[in-house]
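I opened the model today and kept notes as I went. Each entry says what I looked up and what I found.

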Amino acid sequence: MFSNSLCAFITVFALFVRSILCCGPDHSSATPLDQSSLITANNLARPNRTIIPKKIALDNVRVFDGTCILPPSTVIIDGPLIGSDPTGAEHIDGQGGVLLPGFIDAHCHPSSIAHMQDLAKWGVTTGFVMACYAPELCNSLDNHPGLPSILRSSAPASAPGSVHGNITAMINPSLLVNETGEVPAWMKYQLANLAPDYFKFVAETPGLGQETLNLLVTEAKGHAKQSVIHAADQTSYTQAILSAAEHIHHAPLDSALSQASIETMLQNKQVSTPTLTMMRAISQNSKRNFTAALETTALLHKAGVPILAGTDANLQPGVPAQVPFGISLHDELENLVEAGMSNLEAILAATLKPARAFGLRDRGTVQLGMRADLVLMGGDPFEDIRNTRDIRKVWTGGVEVPLQN
């Protein structure tokens, strides 16, 4: 079934965790990831000294202000923020390029510094990591100067006997949610051991009951946390919509959403991250109905449901549909345009809108005092969305990103 393919990242993660814990003969033919080595390598990649960003006056750049591209001007990068005083700055000629805020991938699965580097060199300066089973691994990706800042989810809440539940059972059966009475303890464990930026819950059949899913969302709100719900078909979407969770991720590959469902999403003020790049890849590999996902996205957009750009990027061994890091964000922009969004709307879906949807007030625009997460490109993305690939320079937190390996 589709959700099994979509969660291949988690499946492989479960295999390597299980191989470490159990080392049973049933995994003798598997090639598990070495979690310990990944964590060590990620942590060692941090510099052993404080990186102080240069003060830069970026001259002759055409700034995107959220509505249009302004005439050439100068932007000051002052430490990690956008400043106003050019005194003592190193001047760089932007050669009339377009300056955008750094891109935000609202759904990805990096596990190594190489993944983070690929995100950065393609202009992704913030990534939402959508399945965090091991706090040590997620922590090892955080706080790397010149690499994207990350926000991590909880471990996905799922039910025993479900596709996701079977994966969770291999890692830590105590993370399963059997019924509503277990929800408070599950929440307490997640908050104490991971301190997630937001919660992730799974809607699938068989899976969590509606009452349990509703309570999970309510409990998350009680802890001032937003909820992301995985939903990959009509039945799951209905459950996710009824839960009133803030975010629903993926788009159905069986049939397009009904107008009634879309109207309820509007009333609930829910946000969609359709991950069309993954939907397309899954469809190509398993002959699923990508047209349904594309049509759903078009209908949601036409109705006024906010759409965010997320890729579901992962490069785990044995995944039915691998999606590369960084460059796939540009694929997603093109997919969103194919679904009926204007170039402007697609770019906002990868900059200002995810920042606002997740309550990040320090990024998403090129303004004084904001994070110096910036992408300088040669072509005009409002003339051709493919010009977002024409990246000349990237800064994350004021640190310039090397664009060559």
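**Entry 1: α10 and α12.** I started with two helices, α10 and α12. Their axes come within 10 Å and cross at roughly 50°. That makes α10 oblique to α12, because angles under 35 degrees count as roughly parallel, over 145 as roughly antiparallel, 65 to 115 as roughly perpendicular and the rest as oblique. I looked up which residues make the contact: Q259, I262, M265 and L266 of α10 and L299, L300 and A303 of α12. By class, this contact of α10 with α12 has six nonpolar, one polar and no charged residues. The crossing of α10 and α12 is right-handed.

I noted the terms here. This is a predicted model, in which local features need pLDDT of at least 70 and side-chain atom pairs count only at pLDDT 80 or more, while totals for chains, interfaces and linings use all residues. Residues are numbered from 1 along each chain as its sequence is written, and side-chain values use heavy atoms, with hydrogens and water left out. Helices (H or I, at least four residues) and strands (E, at least two) are DSSP runs, numbered from the N terminus. Axes are lines fitted to C-alpha atoms, for helices over the stretch in contact, and angles run from 0 to 180 degrees between N-to-C directions. Contact means heavy atoms within 4.5 Å. Ala, Val, Leu, Ile, Met, Phe, Trp, Tyr, Cys and Pro count as nonpolar, Asp, Glu, Lys and Arg as charged, and the others, Gly among them, as polar. A crossing is left-handed if the near helix is turned anticlockwise from the far one by less than a right angle, and right-handed if clockwise.

**Entry 2: α8 and α9.** I turned to another helix pair. At what angle do α8 and α9 pack? The angle is about 45°, and the axes are 9 Å apart. That makes α8 oblique to α9. The crossing of α8 and α9 is right-handed. Q210, L213, N214 and V217 of α8 meet Q239, A240, L242 and S243 of α9. I sorted this contact of α8 with α9 by class: four nonpolar, four polar and no charged residues.

**Entry 3: the open sheet.** Next I followed the strands. Four of them form an open sheet in the order β9-β10-β11-β12, with parallel pairing. Two strands pair if DSSP finds at least two bridges between them. The edge strands are β9 (199-202) and β12 (271-273), and each pairs on one side only. Neighbouring strands of this sheet are turned by 25° against each other on average, direction ignored. I then checked one pair. Three bridges join β10 (residues 227-230) to β11 (residues 247-249). V228 has H247 of β11 as its bridge partner.

**Entry 4: β13, β14 and β15.** Here I found antiparallel pairs. Four bridges join β13 (residues 374-377) to β14 (residues 391-396). L376 stands opposite K393 in β14. Two bridges join β14 to β15 (residues 399-400), and W395 stands opposite E400. The hairpin of β14 and β15 has two residues between the strands, and G397 takes a positive phi near 60° there.

**Entry 5: backbone exceptions.** Most residues other than glycine have a negative phi, and most peptide bonds are trans. I listed some that differ. The peptide bond from T205 to P206 is cis, with omega near -5°. P206 lies in the loop between β9 and α8. K269 has a positive phi of about 60° and is found in the loop between α10 and β12. K287 has a phi near 60° and sits in the loop between α11 and α12.

**Entry 6: buried or exposed?** Buried means under 20% relative accessible area, exposed over 50%, partly exposed in between (1.4 Å probe, protein chains only). K269 is exposed, at 71%. K287 is exposed too, at 74%. W186 of helix α7 is buried, with 5%. Leaving aside neighbours within four places in sequence, W186 contacts several residues, among them P156, L176, F199 and L216. S111, in the loop between β6 and α4, is also buried, with 5%. Not counting residues up to four places away in sequence, S111 touches L38, N42, L137, L141 and Q316.
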